[in-house]
Amino acid sequence: MADLVIIGSVALDSIKTPFKKVENVLGGSATYSAFAASFFCKPGIVAVVGDDFPLGYLSLLEKKGVCLAGLKIEKDSRTFRWEGCYEFDMNEAKTLRTELNVWETFKPQLPREYRSAGYLFLGNIDPELQLNVLAQMGNPKFVIADTMNFWIEHKKKELEKVIRKIDLLLLNDGEARELFETTNLVKAARQVLKLGPKAVVIKKGEHGALLFSRSGYFSAPGYPLENIVDPTGCGDSFGGGLIGYLAKTGDLSDGNMRKAIVYGSVIASHNAEDFGLDNLKKISLSDIEGRYQELRRMREF
Ligand code: AMP
């Protein structure tokens with residue numbers, strides 16, 4: 001039984017940084033989110049891959065405790081592929097290629113055991129599919145959604161429908177500005193709250209994240225990393241860590257939301273220290289706990 005259902009891409013990524021290039025490594029929004037959430041709870045993925053997808057990648061997710069009952073393997077099809085690169089400012093990925101492939105015809109069918117999960121993460125993917133999955137869920141306690149410029153540019157109306165139906169929206173700063181056509185993040189956050197969500201988190205890459213809710217404002221620091229290798233998946237692992245912690249604690253108070261955001265930020269910092277999932281594969285909950293306490297001490301004044 002999954003505590004948390006996550007829809008999003010399961011992908012083969014090719015990534016270039018100023019220091020190294022890798023091809024067809026395991027990636028995707030659902031992959032990173034589920035991996036991060038699994039430190040705290042039992043996530044179940046809703047996604048599709050082609051029969052070119054390496055089976056070793058599936059067992060890696062299963063070993064981490066991710067439920068794959070909602071992952072379809074489509075015959076004679078190609079997996080989603082994304083190619084991106086980073087310059088010396090590693091806060092922003094430049095997309096070089098997006099191949100939706102098997103996602104173009106995917107019709108999600110939620111396994112029965114997913115439908116009663118209390119938590120739902122509509123990860124970065126086509127907003128029409130996010131709506132489809134939301135409609136199949138029973139009555140989740142808390143729903144969050146993420147997106148990216150690709151969907152803001154191609155499916156803005158559908159994305160607005162998603163935003164009207166969720167509890168918390170995750171966006172990075174550039175996406176928030178693009179979606180609401182403003183240079184000001186406070187104004188963008190206010191627009192999100194007007195559409196219905198109780199809260200919005202604006203991610204600011206290595207500089208942390210901002211929470212705007214009806215009851216207040218919180219600024220979470222980014223962990224001061226000395227060695228950023230590949231930030232791909234930081235947004236997704238941030239979101240997965242955040243909702244995974246909420247699912248574990250079952251506490252949706254403002255105070256606990258702040259803790260969840262700091263946990264998300266800590267897991268994202270671990271993710272950036274190597275390519276793909278290579279570093280998240282190595283760490284344990286005590287590494288996460290250690291950095292969480294360090295951040296707490298750094299913020300005292
Ligand atoms: P992040 O760095 O957290 O924003 O997300 C990076 C991940 O998003 C990569 O692993 C990609 O495979 C995946 N991705 C890139 N573009 C898209 C898209 N248009 N829809 C869904 N997932 C995507």
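Helix α8 gives the largest share of the shell around the ligand, three residues. Helices here are DSSP runs of H or I with at least four residues, strands are runs of E with at least two, and both are numbered from the N terminus. This is a predicted model, with pLDDT of at least 70 needed for local features and 80 or more for side-chain atom pairs, while totals for chains, interfaces and linings use all residues. Residues are numbered from 1 along each chain as its sequence is written, and side-chain values use heavy atoms, without hydrogens or water.

Now the ligand. There are 19 residues around it, and S9, D13, G28, G233 and D236 come nearest; a residue counts as near if one of its heavy atoms lies within 4 Å. By class, the shell has 10 nonpolar, seven polar and two charged residues, with Gly counted as polar and Tyr, Cys and Pro among the nonpolar ones.

On to polar contacts, meaning pairs of N or O atoms within 3.5 Å. A polar side-chain atom of S9 is 2.8 Å from a ligand nitrogen. A ligand oxygen lies 3.1 Å from a polar backbone atom of G235. For D236, an N or O atom of the side chain is 2.7 Å from an oxygen atom of the ligand. Of the 510 Å² of accessible area that the ligand has on its own, the protein covers 89%, by the Shrake-Rupley method with a 1.4 Å probe. Elements giving two or more residues to the shell are β2 (11-16), β6 (80-85), α4 (149-154) and α8 (234-249).

Terms used. Polar contact = N/O pair within 3.5 Å; in protein donor to acceptor, adjacent residues only side chain to side chain.
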